[in-house]
Amino acid sequence: MELGLVGLGKMGGNMRERIRRAGHTVIGYDRNADVADVHSLEELVNALKAPRVVWVMVPSGAATQSTVDELSGLLSPGDVVVDGGNSRWTDDQKHAVELGIKGIGFVDCGVSGGVWGLENGYALMYGGLPEHVAKVKPVFDALKPEGDKGSVHAGKVGAGHFAKMVHNGIEYAMMQAYAEGWELLEKVDAVTDVREVFRSWQDGTVIRSWLLDLAVNALDGDEHLDALRGYADDSGEGRWTVEAAIDHAVPLPAITASLFARFASRQDDSPQMKMVAALRNQFGGHAVEQADESGPGGKPGKPVKPGKQPGPKNKK
């Protein structure tokens, strides 16, 4: 099938390549002309045969809203817009109504896979009407990991991004637990090889996971994470998860504490946040800040690239 893809950054660019490898035609647009196939949304829409499917991979909020607004004036009844960015699920419902008035379908899709998605596939959580989802299904099948798992029609419009939001909230708590354990091990004189302790957990233990493999990968590159500043940003989805929990009176003590720990990282050079920053860099290519050896707080530096992908253990 044909797909229009808006946003060709580190996620969108790799997604374009994976979809093409599956035999589909992808026409990509990005403000960076060096990576774009066309040079405007209008040119992208005109290059697609009706009924069209246009997948949006731009930052949440104003950027997504302006893209949806422009597409609503270019597309025709029967076309479908997919928002694959990290939008807030309540925005999806608004977009579905706005596009629906013009007969244009809308599907929201939470995408997880980071910088490894090109080779491993992307976990997909999507919401929308069955007839709209069906038009996008060949692309979902191209992006998902091999096998029967990794893709789910989570429910109505908004369900996909809500599911991805909760996924990211859980991710916050898991990373925080690894980071706290790592700092405690580093503090105890009796433990002389923290990196190998982490490595020993990769097989046969109940806490083995891909995140643990990525932690070991990070420690292999910088055994004590000395090159990193203890600062970790938050993408917004952790906050939205906690807000949703408050709205529905659901207790989330671990996820809430992990979000607050990231706020603490902005006050001091937190050792725990070195591990969280390293993990975010490893699985998602998120920028990290180099430590400044002249002072304990460190200063922003050049982004540190993720290391090589771990071996077969990353599928656990």
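This is a predicted model: local features need pLDDT of at least 70, side-chain atom pairs count only at pLDDT 80 or more; totals for chains, interfaces and linings use all residues.
Residues are numbered from 1 along each chain as its sequence is written, and side-chain values use heavy atoms, leaving out hydrogens and water.

Let's start with helix α7, residues 159–187 (helices here are DSSP runs of H or I with at least four residues, and strands are runs of E with at least two, numbered from the N terminus). The axes of α7 and helix α10 (residues 237–247) come within 8 Å and cross at roughly 105°. That makes α7 roughly perpendicular to α10, a label for angles of 65 to 115 degrees. The axes are lines fitted to C-alpha atoms, for helices over the stretch in contact, and angles run from 0 to 180 degrees between N-to-C directions. Among the residues that meet are Phe-162 and Tyr-172 in α7, and Trp-240 and Ala-244 in α10; contact means heavy atoms within 4.5 Å.

Now for the backbone. Most residues other than glycine have a negative phi, and most peptide bonds are trans. The bond from Ala-50 to Pro-51, though, is cis, with omega near -5°, and Pro-51 is found in the loop between α2 (41–47) and β3 (53–56). Leu-225 has a positive phi, near 55°, and lies in the loop between α9 (210–221) and α10. Is Leu-225 buried or exposed? Leu-225 is buried, as its relative accessible area is 1% (buried means under 20%, exposed over 50%, and partly exposed in between, with a 1.4 Å probe and protein chains only). Ala-249 also has a positive phi near 55°, but Ala-249 is exposed at 69%.

Finally, look at the charges. Side chains of opposite charge can pair when their charged atoms come close. Counting a side-chain nitrogen of Lys or Arg within 4 Å of a carboxyl oxygen of Asp or Glu as a salt bridge, the total is 18. One of them joins Arg-20 and Asp-37, with the closest N and O atoms 2.9 Å apart. This pair links distant parts of the chain: Arg-20 sits in helix α1 (residues 12–21) and Asp-37 in the loop between β2 (25–29) and α2, 17 residues apart. Asp-220 and Arg-199 also meet in a salt bridge, 2.6 Å from N to O. That pair connects helix α9 with helix α8 (residues 194–200).

Conventions. Angles under 35 degrees count as roughly parallel, over 145 as roughly antiparallel, 65 to 115 as roughly perpendicular and the rest as oblique.
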